[in-house]
Amino acid sequence: MHAPPFLLELLLLIAFAAVGVALFERLRLPAITGFLLIGALAGPGGLGLVDDPDRVRELAELGVVFLLFEIGLELPVDRVRRLWRTSLVAGALQVFVTLAVVAGCAVLLGAGWRSAVVIGALVALSSTALVLGQLAERGEVDAPHGQLSLGILIFQDLCIVPFLLVIPILASPAGAGAWGVGLEIGRAGAVLALFYVAARFVLPPLLARVAGIGSRDLFSLLALLVVVGSAVLADSVGLTLAVGAFIGGLVTSTSPYAHQLSAELLPLRGVLLGLFFTAVGMLFDPEAALRDATDLAGYVTGVLVVKTAVVVAVVAGVLRSGLRLGVQTGMVLAQSGEFSFVLAASAAAAGLLEPAVQQTFVAGTMLTLLATPFLIRAAPVVAARFGRLGAAGERAAAVAALEDAAETPTTGHVVVVGYGVAGRVLARVLRSIDTDHVVIDANPRSVADART
């Protein structure tokens, strides 16, 4: 009995992805770029080990579902609250100014206005996973440019949902726009209301009952059911799987078991997301890239320059935080991101992106992602050249960032793991000496006793 071709291709993908990640880790480069390059190598344009990427992409799209669910589940509400002004002002200006500039350039180059809007949206989004990973590795998340980047990235991540909702509206015939907008908003509202009712009245007792049983396998199955169920429910009423997963994660984040859900889903999400980026890399066609090398070079240069310039204008001109800080933040956010691939796939399926444009986008985005680690490393040196021009603004931004960080203490407390006999005694002692502490326990009954 022979194994189905799909399983053989999946096995090759997993093996190649593992080798790619190991190689890129040794080179201290992000895993996302490794997945993309391995996909390009294994796809039809490379060695041809997988001749039909669509067979794998359907499974790989589950990675996006898990990613969006986790982003909704772990949306940093406290940081959104502290950075709401930065997220709203800087994020909105960056997204919509970039979208408008790129869409205008696309129209001048002959693209239709619907396709131009999509292209602008693709360029406006940056890579949250890559940027935050690189900043964390360098210890710069809490630096002024790290806080500004985080605020803008939060707004960008929230924009993917309305962008995905707009795709079918742009693809619909002329004249159905107003009705289509109302219908999509109504659908999203109905799904959100349904999810809220489920998260408020159904999920908490269900999660508590399953956690009380003490079976990790059962809890893992329930976590998988919540993710896939929310995506399928949204898809059944005309929304996308990704939108449903995000809404499901957002409303589930209020559950006391949100951290445990995230812990159960994280390994599976990582594998499926790796498959997704590998499948995206298979879209890369080296012959087309070489044939249109001039267009590709222009696209990459344009994306890096436009995104950096827009962020500099927003940070230095609108926020008045200094030219140096604007340059450093702009170079950090200069790439296109993982959600751009999700949006591009949806737009291509709706007929809003021509194959040649999609190929240029895939190849160009891969190059911007590859360039990002080097841009982040070079950003302090380049920004230092503008130091005197932006020193006052940067000092003000640094003070504001330190004040923001002081609002929510992240250090100086004790973590007590386990609320058994020893844990209860230790917590009692900590309370008696007025020491802040957090208690973590896997037994829901112990948690309930502790709260009481």
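E140 is buried, with a relative accessible area of 14%; buried stands for under 20% relative accessible area, exposed for over 50%, and partly exposed for values in between (1.4 Å probe, protein chains only). The structure is a predicted model, in which local features need pLDDT of at least 70 and side-chain atom pairs count only at pLDDT 80 or more, while totals for chains, interfaces and linings use all residues. Residues are numbered from 1 along each chain as its sequence is written, and side-chain values use heavy atoms, with hydrogens and water left out.

The loop between α7 (128-138) and α8 contains E140. Helices here are DSSP runs (H or I, at least four residues), numbered from the N terminus. The side chain of E140 makes a polar contact of 3.2 Å with the side chain of R138 and another, of 3.0 Å, with the side chain of H145. A polar contact is a pair of N or O atoms within 3.5 Å; within protein, one atom must be able to donate a hydrogen and the other to accept it, and residues adjacent in sequence count only if both atoms are side-chain atoms.

R138 and E140 also meet through their side chains in a salt bridge (3.2 Å, N to O). The structure holds one salt bridge, the term being used for a side-chain nitrogen of Lys or Arg within 4 Å of a carboxyl oxygen of Asp or Glu. R138 is partly exposed, at 33% relative accessible area, whereas E140 is buried.

Aromatic rings were examined next. Two aromatic pairs are present in the structure. In one of them, the ring centres of F96 and F155 lie 6.3 Å apart and the planes stand at 80°, so the pair is edge-to-face. Rings of Phe, Tyr and Trp (its six-membered ring) pair if their centres lie within 6.5 Å; planes under 30 degrees apart count as stacked, over 60 as edge-to-face and the rest as tilted. F96 belongs to helix α5 (residues 84-108) and F155 to helix α8 (residues 144-171), so the pair ties together parts that are 59 residues apart in sequence. F96 is partly exposed, with a relative accessible area of 44%, while F155 is buried, with a value of 15%.

A ring also takes part in a contact with a charge. The charged end of R377 sits over the ring of F374, 5.5 Å from the ring centre. For this, NZ of Lys or CZ of Arg must be within 6 Å of the ring centre and within 35 degrees of the ring normal.

Helix α10 (residues 216-236) gives the most to the nonpolar patch, with three residues. L241 lies in helix α11 (residues 241-252) and is partly exposed at 32% relative accessibility.

Two further pairs of residues were compared by their C-alpha atoms. S346, in helix α16 (residues 338-349), is partly exposed, with a relative accessible area of 22%. The C-alpha atoms of S346 and L164 are separated by 7.5 Å, although these residues are 182 residues apart along the chain. G298 is found in helix α14 (residues 293-318) and is partly exposed at 45%. Between the C-alpha atoms of G298 and G364, 66 residues apart along the chain, the separation is 9.2 Å.

Notes:
Helices (H or I, at least four residues) and strands (E, at least two) are DSSP runs, numbered from the N terminus.
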